[in-house]
Amino acid sequence: MEDHTQSFRNSTVDGGSRRIDSYSAIICVGAIFVVVTVGVLGNLLTVHTVATSRKMHTSGNFLLMSLSLSDTCVLLFSLAVILSRTLLEEINRNNPVLCKMLIYLLLLSGLISVNHLPVIAYNRYSIITKNRVVYSRRWSKVRTIIIVFCLWMLPGSLLVMPSLGFGEIDFVPELGGCALVETALSGWWYTTLLILNTVVSCGLITPVYYVLTFKKIYHVKNRVREAQSLQPGADLRPVPTGFSKEELALTRMALLAFCCFVVCWLPTFVLHLATFKGIKPMTLASMCRVLAISSSTFNPFIYVGTNKNFRREFGRKNIFRFTG
């Protein structure tokens, strides 16, 4: 009798946990669907704005357009992975090639987006600290195209490593789909390597460039104030440095987008380090995943909300064009 009672309790607990897991999955999928829909629309409109407006044809804006394309890929592949895990578990189990391909594409698009951030920071550093001649030579249209091409091609080198035995992407029954298997030591270190790429890009290179950039801006503004105090009423703008108010606004906008990325992805990094060779809590991992994906959705709102020139062109090329 006790055995039957115990088995009934176990089945009841398991059934309740499955219902809770299913509710959590539905909420997670719904949240990600909203985030992806808004993000894809915003990023594609950003691409359309830069591509169709001659005023926006600068190297800095081209980099932002490329970032918007990679963010769009991140959002779409994230949604594909979540939907496949939720609705297509048997297909994932029986078709490992397709299952693994989605993870590869998601990782690739994520690395591409991450590697855009230090390049954008260096572009902002160049326009602020160098004169127009040097900047135009370093960031000509041809060189910008080559840089963007490299940003899209080079991250693929990290994704070759699992096929060489370092790191493993496999079907995980608890997830209902494929993922990086971190319970094995090599898998955890491979994920750590991917995170290290992000930390070096976003925790070291990008902040250094922004600190040097705004340090230059601060010194230039101080010199202008000192000169104006000696010659009241004189028009002494920082023309010799090569940057304008528009470039300053674009630099602040890029810095804010970078800060948004750090805030959204930091919980995911902390969770990874806190679960060395262990299983991540499903609910907490899902919340971190939604927040991380949201960083790609926030960027268009940052562009429009913080940059007057971008907001004007965005409205002229998208809202007014389609409504009038």
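Trainee: Is Cys-259 buried, exposed or partly exposed?
Mentor: Cys-259 is partly exposed, at a relative accessible area of 36%. Keep in mind that this is a predicted model.

Trainee: And how many disulfides are there?
Mentor: The count is zero disulfides. For Cys-259, the nearest cysteine sulfur belongs to Cys-260 and is 8.8 Å away. A disulfide needs the two sulfur atoms within 2.5 Å, so Cys-259 is in no disulfide.

Trainee: What about Cys-73, buried or partly exposed?
Mentor: Cys-73 counts as partly exposed, because its relative accessibility is 25% and the limit for buried is under 20%.

Trainee: Changing topic. Which residues touch the most other members in the largest nonpolar core?
Mentor: Leu-63, Ile-120 and Tyr-303 do, in a core of 34 residues.

Trainee: Which elements give two or more residues to this core?
Mentor: Helices H1 (2–52), H2 (59–87), H4 (96–129), H6 (141–153), H7 (185–230), H8 (245–274), H9 (282–306) and H10 (308–323).

Trainee: Which of them gives the largest share?
Mentor: H8, with nine residues.

Trainee: Where is the second core, or rather, what does it include?
Mentor: The second core is separate and has 13 residues, including Ile-103, Leu-158, Cys-178 and Leu-180.

Trainee: Back to Leu-63. What does Leu-63 touch?
Mentor: Leaving out residues up to four places away in sequence, Leu-63 touches His-116, Val-119, Ile-120, Asn-123, Trp-139, Val-148 and Leu-151.

Trainee: I also have Ser-59 on my list. Where does Ser-59 sit?
Mentor: Ser-59 is in helix H2. Its relative accessible area is 8%, so Ser-59 is buried.

Trainee: Which side chain does Ser-59 have a polar contact with?
Mentor: That of Asn-123, at 3.1 Å. Asn-123 is also among the residues that Leu-63 touches.

Trainee: What else does Ser-59 touch?
Mentor: Besides Asn-123, Ser-59 touches Tyr-135, Trp-139 and Thr-144, again not counting residues up to four places away in sequence. Trp-139 is on the list for Leu-63 too.

Trainee: Last one, Thr-198. Buried or exposed?
Mentor: Thr-198 is buried, with a relative accessible area of 8%. Thr-198 lies in helix H7.

Trainee: What does Thr-198 touch?
Mentor: Val-114, Gly-203, Phe-261 and Phe-269, with residues up to four places away in sequence not counted.

Trainee: And how far apart are Thr-198 and Val-262?
Mentor: In sequence, Thr-198 and Val-262 are 64 residues apart; in space they are 9.9 Å apart, C-alpha to C-alpha.

Technical notes
Residues numbered from 1 in each chain as written. Predicted model: local features only at pLDDT ≥ 70, side-chain atom pairs only at ≥ 80, totals over all residues. Heavy atoms only, no water. Buried < 20%, exposed > 50% of the residue type's maximum accessible area, 1.4 Å probe, protein only. Core = buried A, V, L, I, M, F, W, Y, C linked by side-chain atoms within 4.5 Å. Helix = DSSP H or I, 4+ residues; strand = E, 2+ residues; numbered from the N terminus. Contact = heavy atoms within 4.5 Å. Polar contact = N/O pair within 3.5 Å; in protein donor to acceptor, adjacent residues only side chain to side chain.
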